[in-house]
Amino acid sequence: MTTKTREPAIRVRAITKSYKDLHVLRGVDFDVAAGSIFALLGSNGAGKTTLVRILSTLLKANTGTATVHGFDVSSAPGDVRKSISLTGQFAAVDEVLTGRENLVLVAKLRHLKNPDAIADDMLARFSLTDAGNRRAATYSGGMRRRLDIAMSLVGNPPVVFLDEPTTGLDPQARTEVWQTVKQLAKDGTTILLTTQYLDEAEQLADRIAVLHKGTIIQNGTLAELKQLLPSAKVEYVEKQPTLEEVFLALVGDTSDTADEAAMSAGEESR
Ligand SMILES: Nc1ncnc2c1ncn2[C@@H]1O[C@H](COP(=O)(O)OP(=O)(O)OP(=O)(O)O)[C@@H](O)[C@H]1O
Ligand SMILES: [Mg+2]
């Protein structure tokens, strides 16, 4: 890859985070190369969102360091925020406004020149031009998610966090979002995404990391992860393990996750 000699776009070192007695992150380390797509896999409650919130400066780690686009998340949070976008589970879309008005509003809030031109460009990039003058309330789930991602990308941040970008979407809408993500990476944007869908990681990611019991237990390319399990021989045809089989072999019985621990520890904010 051409980015080998460059600084990683995201560098995470020995990050820990606890909610009271619940030790969610117990020393997380990884790098994300600039311009690559990195998928963070983990069972429910593994700490994916917690990590994304730390990297996007919404939450402070207890110990450890992380840099994003060269800026330290704890000592230079303002610079980090200028370098990133975050699309979470809950869309920032204003339903009363049209898709176009939503985009113009974000461009104005970010003090960008030519907000109308930016909005039109984004609508085109996300195949929303025809729907641009309709209220977002009339959009399908896939359209709304594309608009949400488009809004987060106004201003072209170099690093993009997508926390479960396709949860709840139908296969067609997921494919549309995947195309968008692939195009972003092609244009040089660094993408860290979390997902429950293993086929999403297989489709998109240059590297895949598995977060389990507070640490990264595996980190590699899809081919590297697949080598962890021997391919099963069915008659004379070699069958490669799917990422799902590799994942389940790695994390084992999923009933033993941090969610269980949360119940016994008592959750703070739900
Ligand atoms: N504000 C909070 N207070 C207390 N516990 C929390 C808080 N936020 C998260 N947790 C707990 O920390 C653990 C990790 O949560 P987190 O949301 O990071 O997991 P996740 O990997 O994103 O899960 P999911 O796949 O369900 O989105 C869970 O057990 C969760 O209940
Ligand atoms: Mg989450």
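Axes here are lines fitted to C-alpha atoms, for helices over the stretch in contact, and angles between N-to-C directions run from 0 to 180 degrees. Helices (H or I, at least four residues) and strands (E, at least two) are DSSP runs, numbered from the N terminus. The model is predicted: local features need pLDDT of at least 70, side-chain atom pairs count only at pLDDT 80 or more, and totals for chains, interfaces and linings use all residues. Residues are numbered from 1 along each chain as its sequence is written, while chains are lettered from A and ligands numbered from 1 in the order in which they are written.

Helix α5 and helix α6 (residues 171-186) cross at roughly 20°, and their axes come within 9 Å. That makes α5 roughly parallel to α6 (under 35 degrees counts as roughly parallel, over 145 as roughly antiparallel, 65 to 115 as roughly perpendicular, the rest as oblique). On the α5 side the contact is made by G141, G142, R145, R146 and I149, and on the α6 side by Q172, A173, E176, V177 and T180; two residues are in contact if their C-beta atoms, placed from the backbone, lie within 7 Å. The residues of this contact of α5 with α6 divide into 3 nonpolar, 4 polar and 3 charged. Here Ala, Val, Leu, Ile, Met, Phe, Trp, Tyr, Cys and Pro count as nonpolar, Asp, Glu, Lys and Arg as charged, and the others, Gly among them, as polar.

Helix α5 (residues 141-152) also packs with helix α3 (residues 99-109), at an angle of about 20° and with the axes 9 Å apart. That makes α3 roughly parallel to α5. In this contact G99, N102, L103 and V106 of α3 meet L147, A150 and M151 of α5. Its residues divide into 5 nonpolar, 2 polar and no charged.

The strands come next. An open sheet of 4 strands runs in the order β2-β1-β4-β5, with antiparallel pairing; two strands pair if DSSP finds at least two bridges between them. At the edges are β2 (22-32) and β5 (71-72), each of which pairs on one side only. Strand β1 (residues 10-19) pairs with β2 over 8 bridges in the antiparallel sense, and I10 has V32 in β2 as its bridge partner.

The C-alpha atom of I10 is separated by 6.3 Å from that of H69, 59 residues apart along the chain. H69 sits in the loop between β4 (63-68) and β5. Leaving aside neighbours within four places in sequence, H69 is in contact with A9, V80, S83, P158 and V159.
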